[in-house]
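User: Could you take me through part of this protein model? I would like to start with a strand and then turn to a helix.

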Amino acid sequence: MDTRLLRTFTTLARTENFTAAAEELHVAQSTVTVHIRDLEKELGTRLFDRLPRGARLTSHGHRLLARAEEVLDAEARLRAVVDDGAPLSGRIVIGAGETLCSSLLPGVVADLRAAEPGIDVQIHAAGTADAVEGLRSGRIDVALLLEEEAGAPDVAAQAVTRLPLVLVAAPGHPLAALDRPVTPTDLAATEVFLLEEGCSYSDALARELSALPGERPRTTRFGSAEAARTCVAAGLGVALLPGVAVDQALADGRLTVLDGPGAPDVAVLVARHRARWTSPAAHAVTDALERGLRRGAAGKGLVLTRA
């Protein structure tokens, strides 16, 4: 079987779009169509449903995906043996949450692309659950998680730095005018903006507020730190966020840090799937991420964990 067909298949399964798959593979869209048609003909089954919103895997397609990834993984191992000593190359997808995608990660990736131009480094925005699933499926090669642990036995993770969490409000918010520390009861009486469920520090604060006797806290969940930050800057409530997500808003006076209930710094984990082979390019990207995140956090005056 031509592994080019499998590579096209796995790319379309990930992007769910013929145009996006063609762009990623640097081929014409018609080539993607032909590859999928030839693979379906060879296997004697339909692998995708062509829908108005894109291509979706059929049940047979889902069953093929993991096996196709294994074949491509084996092919990559063989090529690595032959290419030993050659310049690093290949496509590496980094999965990370919106907070890191909009703060520390872009600079690290820019430096990496300059140092290793043969490696096609791509960023995929993903929460913890999506990132872990991406590692399992092969859609993501390396994940960055804002968690104390990966929470999955098949994922190997190492903490490379810690990010301070800050409780923030607009300067004109009533809690910003208090001459004492903000209490959990104070927070229960105002709107609190949290990140989506599965975010460890947001979930911990939500549990703390929900446990207060006689209180009915008002919490709103967002999928991005940007949405929470914007609402807080408008004076609508408060939020607990990593300092790197609000440093510019603090610097220009749109937000202020509240003296309130302490929250432990959150770890940044670099994670990989235990069972999947790590290519030389993936090793290089992982090493660069670890160095770059430590350096980037240190540059912002953040707390580092010792290697």
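This is a predicted model: local features need pLDDT of at least 70, side-chain atom pairs count only at pLDDT 80 or more; totals for chains, interfaces and linings use all residues.

User: Is strand β7 mostly covered or uncovered?

Analyst: Strand β7, residues 165-169, is mostly covered, as five of its five residues are buried. Buried means under 20% relative accessible area, exposed over 50%, and partly exposed in between, with a 1.4 Å probe and protein chains only. Strands (E, at least two residues) and helices (H or I, at least four) are DSSP runs, numbered from the N terminus.

User: Which residues lie on each side of β7?

Analyst: Leu165, Leu167 and Ala169 are on one side, and Val166 and Val168 are on the other.

User: How many bridges join β7 to β10?

Analyst: Four bridges join β7 to β10 (residues 238-242), and the two strands run antiparallel. Two strands pair if DSSP finds at least two bridges between them. Val168 stands opposite Ala239 in β10, and its bridge partner in β11 is Val257.

User: Now the helix: which residues of α10 are buried?

Analyst: In α10 (residues 225-233), the buried residues are Ala225, Ala228, Arg229, Cys231 and Val232. Seen down the helix axis, they fall within an arc of 165° (taken from the directions from the axis to the C-beta atoms), so they line one face of α10.

User: What comes just after α10?

Analyst: Gly235 does, with a positive phi of about 85°.

Conventions:
Residues are numbered from 1 along each chain as its sequence is written. Side-chain values use heavy atoms; hydrogens and water are left out.
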